[in-house]
Amino acid sequence: ARDDEQFPERFMSGVREGLDEAMARGPVGGFPLTGVGVTVVGGAWDMIVSEPAHFRMAARRALEAALAQAGTRLVEPWCQVVVRAPASCVGAIMTDLASQRSLIQGMEVDDREARITASCPVRTTRGLDARLDSLTGGRGWFTTHPSHHEPVPERLVARALARSPYRREAQSTDNRAPTPTPTGQAQAPSKSISPDAMVRVPSLT
């Protein structure tokens, strides 16, 4: 391949598959990746011998190497929560939300009802309906909307990794992975990977 020759489109399917594989099984506990951008800047190939499968493995290993250099961190999904309850229950509800790592963003209170807005980990909304029933005598309710991801607190990282449903699958697949042939080489430079590349955690329990 000449230096000025355009990367063949017929090999791009293999590159995409390799990148998808690496993104689906990240380096931290095998959790899927989010917040990663990749730019293919070139490669080497033989139009007769090279196949998309060669570039699948090359792209996967290039991304894994770039991530190892850039670094990753474990994150978890957060959501926006709006709680409505009797004004007399505000104190108890605020205490409950704070105990679940929630960040109170606003509160409106009138003579009868309180409206509390907070941002919290998705995992903390599990059981919130039961807790509200207990705190408000069945007169409170809430709504949630997906928001963003936040880094997992250090004290919870070890537990998240130990419980990762992806770890065993990742190790098993890596042990079966064949050695890539030298006829397909895809390059994904580390500068194309954000240093804040994150590993997605569906939710911690």
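1. Val82 counts as buried because its relative accessibility is 14% (buried is under 20% relative accessible area, exposed over 50%, partly exposed in between, with a 1.4 Å probe and protein chains only). This is a predicted model, in which local features need pLDDT of at least 70, side-chain atom pairs count only at pLDDT 80 or more, and totals for chains, interfaces and linings use all residues. Residues are numbered from 1 along each chain as its sequence is written, and side-chain values use heavy atoms, without hydrogens and water.

2. Val82 sits in strand β3, residues 73–86 (strands are DSSP runs of E, at least two residues; helices are runs of H or I, at least four; both are numbered from the N terminus). Beyond its neighbours within four places in sequence, Val82 contacts Arg115, Ile116, Thr117, Trp141, Phe142 and Thr143 (contact means heavy atoms within 4.5 Å). Thr143 is 61 residues from Val82 in sequence, yet their C-alpha atoms are 5.4 Å apart.

3. Now the helices. The axes of α1 (residues 12–24) and α2 (residues 52–70) come within 7 Å and cross at roughly 40° (axes are lines fitted to C-alpha atoms, for helices over the stretch in contact; angles run from 0 to 180 degrees between N-to-C directions). So α1 is oblique to α2 (under 35 degrees is roughly parallel, over 145 roughly antiparallel, 65 to 115 roughly perpendicular, the rest oblique).

4. Arg101 lies in the loop between α3 (90–99) and β4 (103–109). Its phi is near 70°, a positive value in a residue other than glycine. Arg101 counts as buried because its relative accessibility is 18%.
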